[in-house]
2 protein chains.
Amino acid sequence: MVTVEIIAIGNEILIGDVLDTNTHWLCQQITGLGGHVRRATLVRDDVPVIAEVLRQAVARGTDVVFTTGGLGPTADDMTLQAIAQAASVPLEEQAEALRLVQEKYEELAAKGYVAQAALTPERRKMAILPRGAQALHNPVGAAPGVLLTIEETTVIVLPGVPPEMKGIFTTSLQPALQALFGESVFVERVMIVECGDESVLAPLVNRVAAAHPEVYVKSRAKAYGPGVRLKVTFSLSGRERAQVEGVVARALGDLQTALDEAQIAVVSVE
Amino acid sequence: MVTVEIIAIGNEILIGDVLDTNTHWLCQQITGLGGHVRRATLVRDDVPVIAEVLRQAVARGTDVVFTTGGLGPTADDMTLQAIAQAASVPLEEQAEALRLVQEKYEELAAKGYVAQAALTPERRKMAILPRGAQALHNPVGAAPGVLLTIEETTVIVLPGVPPEMKGIFTTSLQPALQALFGESVFVERVMIVECGDESVLAPLVNRVAAAHPEVYVKSRAKAYGPGVRLKVTFSLSGRERAQVEGVVARALGDLQTALDEAQIAVVSVE
């Protein structure tokens, strides 16, 4: 399974100004691609810290690392500097990235969104990439995404503004994602159980999980009391949809049997 | 300044099933207390990984580490096992924690929310704490919070269910927080600027930030175009409110002057 880590970058996240929804969205996408997100780290705009966290992910042999944030035109956006440091390569203005930035500002100027299309130093900054990196067209904003390889790890550098991050992921990044993740499926089914106390459900869920170690079985409680419903999620990734669905269905069936015996009602299975 | 790290634990986060709002809420609270959150790590329910991340936070000399998640009655909740491993202490049933769990199930049974108050093995599990830990009353759910010290680091272990996490934080944890963070203030002011392009604003913001290195000055862009507003945040923590407010006001005033010169309109200052 393709292992993935995410590094979300920005003081605004750790100060509590911004809720980091990017990591959640990426986790959903990567899980859907059959990848395994093993860790996400939220760090400040701090070059040595970003570089250290990235180097550790590379040292763990992570297949793909996504970073979000810190690609803008202001001096506090220093992700690319940190990535160059982690990769031990210099930063340099890159022709293709500069073309993308120029094109974007011409488009914005033509629409009257910015006064001039000229490449100021702040705009040019977004085209200064680690040597050897590939620029990824940003269909929404000005800062290109960046793709580079450090040792065996593919590093994908995305902006922090959610529509820009999603825009690159769903367009210019697609060929790279297909090459990295190949064909795979993710199956998730959710059983809703009427059982006001997770501690009663726990031994049954534990038994089913132990019998199906390949399936990720998770029960989640929100409250106590009569009529309270608990959610048990079964999920699994694999290559063949029919095979993956069969394994998940067997685990679901076993929990259904155990619940019937314990006289706990199943409300629905989705 | 008190340095803080957060470790959010749970496969459901990294699989993309659950958006981790706990870390965001804790970042807001800690910033409000004058603390400095330097890193947050989201990990799976994996004992060696949780223990490693916690040990690294301790090794960095972090003053306070918060963990969320993995305190429930099911076998996949293994945070306390990982914390005991990181602290090199055994796990043991703890009288005060058991009293808290027992009390909660008696209360739930009295309300008719659970059938019996008896301490089953699954319920008892929530009272098995690392040796030397203090149990924290959970006003919302059954799993007590846990406080313990590893070397110079205070580790605060909270449940993952948001109302339980917030419930412990705002009640039984308050004396500990006061002792850890003492009296301090956090001041944040936000200037809304009518300027459709962050790259035009960037050199002005950079100049003000450089002149006031103690203030955290951050501009954030969401879109391009006429009428688009950019948000510039100024924030600072310290001991004396008047002094902190004065420093922030001076930085704000400098940006106001720079914007006036550049004929960029300030919409509001909050």
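This is a predicted model: local features need pLDDT of at least 70, side-chain atom pairs count only at pLDDT 80 or more; totals for chains, interfaces and linings use all residues.

What supplies at least two residues of the lining of the largest cavity?

Modeller: Helix H2 (22-32) of chain A and H2 of chain B each supply at least two residues of that lining. Residues are numbered from 1 along each chain as its sequence is written, chains are lettered from A and ligands numbered from 1 in the order in which they are written, and side-chain values use heavy atoms, with hydrogens and water left out.

A cavity is a set of points, on a 1 Å grid over the protein atoms alone, where a 1.4 Å probe fits but cannot get out, and its lining residues have an atom within 4 Å of a point. Grid points are joined across faces, edges and corners, and a volume is the space filled by probe spheres set on the points. By this rule there are two cavities of 30 Å³ or more.

The largest cavity has a volume of about 140 Å³. Its lining is made of 15 residues, and those nearest its centre are A:Leu19, A:Asp20, A:Leu42, B:Asp20 and B:Leu42. H2(A) gives the largest share of this lining, three residues.

From chain A, its lining includes A:Arg39, A:Thr41, A:Val53, A:Gln56 and A:Arg60; from chain B, it includes B:Arg39, B:Thr41, B:Val53, B:Gln56 and B:Arg60. Strand S2 (36-43) and helix H3 (47-59) of chain A, together with strand S2 (36-43) and helix H3 (47-59) of chain B, each supply at least two residues of this lining. The residues that line the second largest cavity are two nonpolar, four polar and four charged.

The relation between the chains comes next. A rotation of 180° with 0.0 Å of shift along its axis superposes chain A on chain B, with an RMSD of 0.0 Å. The two copies are thus related as by a two-fold rotation axis. In chain A, the C-alpha nearest that axis belongs to A:Thr41, at 2.2 Å, and A:Thr41 is also among the residues lining the second largest cavity. The same surface serves both copies, since 100% of the contact residues of chain A recur in chain B. The superposition is by least squares on the C-alpha atoms of residues with pLDDT of at least 70 in both copies, and contact means heavy atoms within 4.5 Å.

Helix H2 of chain B also has partners within its own chain. The buried residues of helix H7 (residues 162-170) of chain B pack against helix H2 (22-32), strand S3 (64-68), strand S6 (134-136), strand S7 (145-150), strand S8 (153-158) and helix H8 (174-181) of chain B. Those buried residues are B:Glu164, B:Met165, B:Gly167, B:Ile168 and B:Phe169. Buried means under 20% relative accessible area, exposed over 50%, and partly exposed in between (1.4 Å probe, protein chains only).

In chain A, A:Pro144 is found in the loop between strand S6 (134-136) and strand S7 (145-150). A:Pro144 is buried, with a relative accessible area of 3%. Residues up to four places away in sequence aside, A:Pro144 touches several residues, including A:Leu71, A:Met126 and A:Ile168.

Key. Helices (H or I, at least four residues) and strands (E, at least two) are DSSP runs, numbered from the N terminus. On a 1 Å grid over the protein atoms alone, a cavity is a set of points where a 1.4 Å probe fits but cannot get out, and a pocket is an open set with protein on both sides within 12 Å along at least five of seven lines; lining residues have an atom within 4 Å of a point. Ala, Val, Leu, Ile, Met, Phe, Trp, Tyr, Cys and Pro count as nonpolar, Asp, Glu, Lys and Arg as charged, and the others, Gly among them, as polar.
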